[in-house]
Amino acid sequence: MDRIQLMGLIAASLPGLAALGALLFTWMQVNQSTEELRISEHGQITTRFNSAISNLGSKSMDVRLGGIYALGRIMQDSARDQPTIISVLTAFAERHAGSSKRSLAKPLPEEYVRPAADVRAAMATLAHRRPEHDGGATIDLSATDLRGLRFTENLPTKFPRVTLVEADLRIAALTGADLRGATLHGANLNSADLQRANLRGARMWVTNLVNANVAEADLRNTAIVGADWTDAFAPDADFRGANLFDSNLSDALMDDADFRGADLTNAKLRDASLMDADLRGADLTDSDLSNADLTGADFRGAKLTGVDLEGAIRTGARGLPQKG
């Protein structure tokens, strides 16, 4: 009876074992198919990448544009290829845009000027990528001619940690751009539009921001040593913790700007408008505020040793001596 029962139990188990075997076989087939699909996709991406790279070297503008757009699509489809594509497009933009050393030898253009169509396309592709997939790749466009750069697409402009040392960005339109941690030493941003741009933590030593629009921009903790802000338009800009040592902000309009804790040592603020600006805790040692409009500004807790207030309008200003 025991043998009969054992054989019956085995017989009853056979369908289950067969089903388990079929399931295991199916799982192996699915895994194999998935691996084959992955290899096939990688092969297709490699083919697309090689084709796009070939197009970049074409003499035809249309073909080059096709190559750029193809690389942008590959970035969307394959995050692992994004660092390589960033390097390729950066090198392409740098080469085709030309040198800023040559463009800066010319005066600020009176008429509308902008980079060539393929350079604009490369920059737009870089600007609209997903930075979290950069994988350590950097965008270095130092000493590049990017005059009149602007983006027509209604998409966020993302250039965190970009390097634009000594770049020519005159009359560029970078409204609302993400430029956190950017390196802009010696860059020329004369008449550029940086309204609402995020420049937090950027490094901008000896940067030219003459007549630039930085209204409502985030400039917290930026290093703006020796920069030229003459005639800049910066109402409601946030300069908290910024280092503006030896910078020239003469004739700049900075009403309602926030300078709390900023370093304005030896800064030139002649004829500047600082109406209702917040300068609490700022260091204004040896700064020049002659003929500046300080109506309603708050200087409480600021360091004012050696500050020049001759001719300054102090109506309603707090924390300032009313005479002398």
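Tutor: Let us begin with the term patch: patches are made of residues with over 30% relative accessible area and no salt bridge, like charges being joined within 9 Å and nonpolar side chains (Val, Leu, Ile, Met, Phe, Trp, Tyr) within 5 Å. Accessible areas come from the Shrake-Rupley method with a 1.4 Å probe, and for residues only the protein chains shown count as cover. This is a predicted model, in which local features need pLDDT of at least 70 and side-chain atom pairs count only at pLDDT 80 or more, while totals for chains, interfaces and linings use all residues. Residues are numbered from 1 along each chain as its sequence is written, and side-chain values use heavy atoms, with hydrogens and water left out.

Student: What makes the surface patch formed by Glu216, Asp236, Asp256 and Asp276 negative?

Tutor: Asp and Glu count as negative, Lys and Arg as positive, and His and the chain ends are not counted. The place of a charge is taken as CG of Asp, CD of Glu, NZ of Lys or CZ of Arg. Glu216, Asp236, Asp256 and Asp276 therefore form a negative surface patch.

Student: Why is Asp236 called partly exposed?

Tutor: Buried means under 20% relative accessible area, exposed over 50%, and partly exposed in between. Asp236 has 45% relative accessibility, so it counts as partly exposed. Asp236 is found in the segment after α5 (117–127).

Student: What is the secondary structure of the chain?

Tutor: The chain has 5 helices and 0 strands, in the pattern α-α-α-α-α. Helices (H or I, at least four residues) and strands (E, at least two) are DSSP runs, numbered from the N terminus. Of the 324 residues in the chain, 44% are buried.

Student: How many aromatic pairs are counted, and by what rule?

Tutor: Rings of Phe, Tyr and Trp (its six-membered ring) pair if their centres lie within 6.5 Å; planes under 30 degrees apart count as stacked, over 60 as edge-to-face and the rest as tilted. The count comes to 3 aromatic pairs. One of them joins Trp229 and Phe239, with 5.6 Å centre to centre and 65 degrees between the planes, and is therefore edge-to-face. Both residues lie in the segment after α5, so this pair ties together parts that are 10 residues apart in sequence.

Student: Are Trp229 and Phe239 buried or exposed?

Tutor: Trp229, at 0% relative accessibility, counts as buried. Phe239 is likewise buried, with a relative accessible area of 0%.

Student: What makes the pair of Phe239 and Phe259 stacked?

Tutor: The ring centres of Phe239 and Phe259 are 4.6 Å apart and their planes are at 0 degrees, so the pair is stacked. Phe239 and Phe259 are 20 residues apart, both in the segment after α5. Phe259 is buried, its relative accessible area being 1%. Ring pairs link Trp229, Phe239 and Phe259 into a cluster.

Student: How do you know that Arg147 and Asp145 form a salt bridge?

Tutor: A salt bridge is a side-chain nitrogen of Lys or Arg within 4 Å of a carboxyl oxygen of Asp or Glu. The closest N and O atoms of Arg147 and Asp145 are 2.9 Å apart, so the pair qualifies. Both Arg147 and Asp145 are buried. By this rule the count comes to 21 salt bridges.

Student: Why does the pair of Asp298 and Arg280 count as a salt bridge?

Tutor: Their N to O distance is 3.8 Å, so the pair meets the cut-off. Asp298 and Arg280 are 18 residues apart, both in the segment after α5. Asp298 is buried, with a relative accessible area of 4%, whereas Arg280, at 33%, counts as partly exposed. Salt bridges that share partners join a network whose members include Asp298, Arg280, Asp218 and Arg220.

Notes: Buried < 20%, exposed > 50% of the residue type's maximum accessible area, 1.4 Å probe, protein only.
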